[in-house]
Amino acid sequence: MGNIEITLNGRTVSVLENISILEAAKRNGIYLPTLCHHPDQRVKANCRVCVVEVEGVRNLVASCSTAVREGMKITTNSPRVRETVRTILELIFADHPQECLTCIRNEKCELRQIASRFGINSIQGAKTANNYPVDTSTPSIVRNPNKCIKCGRCAEVCHHTQEVGVLYSHNRSTEIMISPEYGKNLSEVGCVLCGQCAAVCPVGAIHEKDDTDQVWAALADPGKHVVVQTAPSVRVSIAEEFNMPPGSIQTGKLVAALRSLGFERVFDTDFSADLTIMEEGHELLHRIQNGGVLPLITSCSPGWINYAEKYYPELLPNISTCKSPQQMFGAVAKTFYAKRSGIAPEDIYVVSVMPCTAKKYEAIQPEMRSSGYQDVDAVLTTRELARILRHEGIDFSMLEESEYDSPLGTSTGAAAIFGTTGGVMEAALRSVYEIVTGETLSKLDFSEVRGLEGVRSASVDLKGKEVKVAIAHGLANAKKIAEKIKAGEEDYTFIEVMCCPGGCIGGGGQPYGTTQEVRKKRMEALYQVDSDMPLRKSHENPAVIELYQEFFGEPMGELSHRYLHIERAEEAEAVI
Amino acid sequence: MGVNNKELVFNISREEFVDLKTYRERGGYTALQKALRQPPESSIQELKSAGLRGRGGAAFPTAVKIEMVRNNGETGRYVICNADEGEPGTFKDRFIMTHLPFQVIEGITLAAYLAGAENGYIYVRHEYPEVQRILRESIKEAEEAGLLGEDILGSGIRLKLEIFSGAGSYLCGEETALLSSIEGRKGRPRVKPPYPTQSGLWNKPTLINNVETLANIPKIIEKGSGWYRSIGTADSTGTKLISLSGDVVNRGLIEVPFGITFADIIEEYGLGAKPGRTVKAVNIGGASGVLVPGFMLETPLEYTACAKAGITIGSGAIFVLDDTRPILPNVHNRVKFFLHESCGKCTPCREGLRQANVILSKLLSGMATESDVVLLERYTRAIQEASFCGLGQAAGNSLKSSLEYFHEEYLAACGQECRDKEETA
Amino acid sequence: MLAMPIMMGMDIFMGTAEIRFIIKQLGGRNAPLLQVLLAVQDAAPQRYLSEEAVNEIARLLEISRCRVYSTASFYSEISLEPRGIHLIRVCTNAPCENAGKQEIQEAIERELGITVGQTTTDGLFTLESVNCLGACFMSPAIKVDDTLYGNLTTESVVSVLDSFRKEQCHGCK
């Protein structure tokens, strides 16, 4: 692509040809407001707050949907542009409940930020906001149609990125409503609770169900021994909530922050990720050696599990019987840890900090009570944890770094990369290779399974035995793989599927502003965490080894089956 | 017959249905035969020389559009006849299709042949069931006569033409919204570029033209561009169908050569205002058109002259209001229409019209103040300046023109009580 | 009672088979959605798209229910509510409004005892408004089913309604 010259507010600048005016302005230091625009999505040009003046064009043009042309004369700051943008913002506000002070989104709201930037100090139009019922039907996502500004981002992510297709715009004119069909609740349709809609919503119309009160209550209860686990991806995303750049690795500050909130023990889901590899790796070997159902598909991502249950029940026998790391942690905390620390399991309260909204649903499933109690009591998303920390007045950047408690805080680099697409696969390969071949891997990085390509496949040589593996992230890609398996087109042995684009680093509960660019940075940070770890193979995790010695005996043993696995195949029959 | 009994493009006779036999007797399908014998470029050149421009509202040169599709390397092109006549006050396409269906079909066939399209649709609004029936029967008849379908007139050229029914959406008259509608989605406009000529129906190059435009093509090919240019003016060639309604003695469809003044249309064809009344205002171009006072009617019906005067010819609807009619209820009617028909996609059209509707209701109930009128002006500007599609932008036309030409009626509608309050404040 | 479905279950059962037939006629899995919606509505006993019909169309065309509903809810000629045997549509546009649309509409409302958007209790008429029928040369105009009536007066519109009532009585004997 060549460069062309344009005039931007009287200044002649050279820009790449074919980019949008919006992009050209941004690269030249001119901020233009946007609401419907999202860097990962198609151009919609719905909201019209990015309009600018182009010489020779009768009306204003949307800068997001208009490409620059040689010699184009663009004005972004004329009274005409200013008045129009202000009017459009006022029009949006007139139809928006003016509850910014009490809105969960509050200062993180893109509309509010733009309004503040433009100094909107009065809203002259008639107030037209509706009073539709708020959808609180799921344990994961709250949908408030009254706050919806009809930008269409959620519908696009639901239909195109995830291809779940439960959110779409209905009716027309002022009756327009972005919702499931017939205005149904999310629990009544095929929603998988991935929360990608909440992650892209610019305002407070779709957000995670807030469970912070539950956690406050537990922390304040002297009778509760409150422990917390943190998902691998949270350590590389939480810092963004406190104005640090994407890709900042802040494991130590995260631990310190949780400690200062009053958690008795700060543990790590990375520990149970290593445990997952032990179980899943052995399950894979068991299936290969005993003619079990293949390909084996990973089970860590509850959004993917929900999707498979609803749309591909015939694939459930392929999905690993392993619980996710979150649930393995809960089960271990209320059995092994309870026993070892001498605390009654009913007095232990397990909180998880997850990048995920579907984890909230997973935690309350009936099969997730193997300890005799709900294994994980409360699930907070990254965003909710950040809210708690802000509420508490904890200055994240000033915290002195701290370390995870043992034993459930000990982990390896293999576990850290669980947070990115391809990570579970790589972690599994490191262990399976060594277990099968009895040899030590000379090179730990399986670069062929890394990256952000939607569907990736590779062939791995397990000392003479070729194993075909595949990776998919984002449900549209998962669907492609699922269709291939159904059609019997590929002879994969092992497949990693993550519900969200990028894996957990792009989870529906991650800090706002997640884009492909940001995912890439978080992903690189996780690989950095991995390579910085002294131990990088799950089967070398001393705490996991000790756990097997003291409690479980062996992977895929009787106790592991009771606490770490669920019977998916039988459930599949029930669904069909 | 039109002016001086000269032969025009449509030669309207209100009662007559021109069947295939009659149509052919009068020279119908000689254009298609001629076009099939000569290189397509010659026919396109003929259209270019004739100066035919789109009659749906945008007035884009038809030959250029055809060429754009023709020169697109992509195969599987489509031709679409836009018969979603939703512009209020307009009934010209209804008339052409019910009286002269074969002229429309021949026009589509020619356009398809010249653009290199083998599949076509006539997108007819659902409110016209009888038109759909006539067109279906006519298509069948044309196919049986070898004028449509496989191997048209033994030339090896084919065109599969189907009726596609709209389902009640004004917005589908917008070409990209129409495409979305055929594709099974809501009739919402798409981002342009790409234009339909580049990537239209199912992402294939697509020629979309209005019924009247397409029905002009056979006559031009048959009689030549010289004949066509002899009607109308140098700037605007040929004729325009006018749907005349409202407070005139004689309402109905008329065909006029370009160049005639609006006043003459109203006087000559409409026989003027009703006895004892005078023409106060005229709405030109349908709901999306402007509302102008009587003194502007000396403007000739001509693209350049109208553009200069701020008049949108649009679909060619002329709706007359006499001196007994207040302006505001008529503007409110327009605003309510657009509010109902807004697809809801973009903020200025959806929310701007909603607020405009509130203010007009206030004005009509005497509850408005002058600051409401100022606000209405601001909303109107936003609707016109920033709406996503041409229809949204045009939704502000009647507001803007009435605010300009009939401002005193807005001010008079501001309640006395409210005005007092404002003065003391 | 007229035009009421005989039995709920029966209605749905027959609908499913008919929907499959309609879709087959229109090209099977690739049938154009909007034409399917209109055809199914036309064939439905109460001239509307039921939720069952929407779900069945989604299943047969292999698109999400949400998308089918989205399209169905956008177009004003598609009804998601049951309607009467005869559909009266009053043109609301300016030429008709200036020619006395309001009086015509009120005459119909008085005569039928319903307002716009409602169906008579006997299920014979549904009254709707429509944005321009393209009949401004004969305003005020209404359309009953597929027939246009223009140049109406408050008297003549009542006789139009009467003609439909009579026809119905012949039909039901």
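Guide: Welcome! This is a predicted model, in which local features need pLDDT of at least 70 and side-chain atom pairs count only at pLDDT 80 or more, while totals for chains, interfaces and linings use all residues. Residues are numbered from 1 along each chain as its sequence is written, and chains are lettered from A and ligands numbered from 1 in the order in which they are written.

Visitor: What makes chain A as compact as a globular protein of its length?

Guide: Chain A holds 19 helices and 17 strands, which are DSSP runs (H or I, at least four residues, for helices; E, at least two, for strands) numbered from the N terminus. Its radius of gyration, 25 Å, is close to the 25 Å that the globule rule gives for 576 residues, so chain A is as compact as a globular protein of that length. That radius is taken over C-alpha atoms, and the rule is 2.2 Å times the number of residues to the power 0.38.

Visitor: What share of chain A is buried, and what does the word require?

Guide: Buried residues are 55% of the 576; each has 20 or more other C-beta atoms, placed from the backbone, within 10 Å of its own.

Visitor: How do you know that β1(A) and β2(A) pair?

Guide: Pairing asks that DSSP find at least two bridges between the strands. Between β1 (residues 3–8) and β2 (residues 11–16) of chain A there are six, and the strands run antiparallel, so by that definition they pair. Ile4(A) of this chain stands opposite Val15(A) in β2(A). The hairpin has two residues between its strands, and Asn9(A) takes a positive phi near 50 degrees.

Visitor: What makes β5(A) a partner of β1(A)?

Guide: Two bridges link β1(A) with β5 (residues 73–75) of chain A, in the parallel sense. Leu8(A) has Ile74(A) as its bridge partner in β5(A).

Visitor: Which residues count as touching between chains B and A?

Guide: Those in contact, with C-beta atoms, placed from the backbone, within 7 Å. That gives 26 residues of chain B and 25 residues of chain A. On the chain B side, α12 (327–341), α13 (347–364) and α14 (370–386) each supply at least two residues.

Visitor: How many residues does the contact between chains C and B take from each?

Guide: There are 27 from chain C and 38 from chain B. In chain C, α2 (33–43), α4 (65–74) and α5 (94–98) each supply at least two residues of that side.

Conventions:
Contact = placed C-beta atoms within 7 Å. Buried ≥ 20, exposed ≤ 12 C-beta atoms within 10 Å, placed from the backbone.
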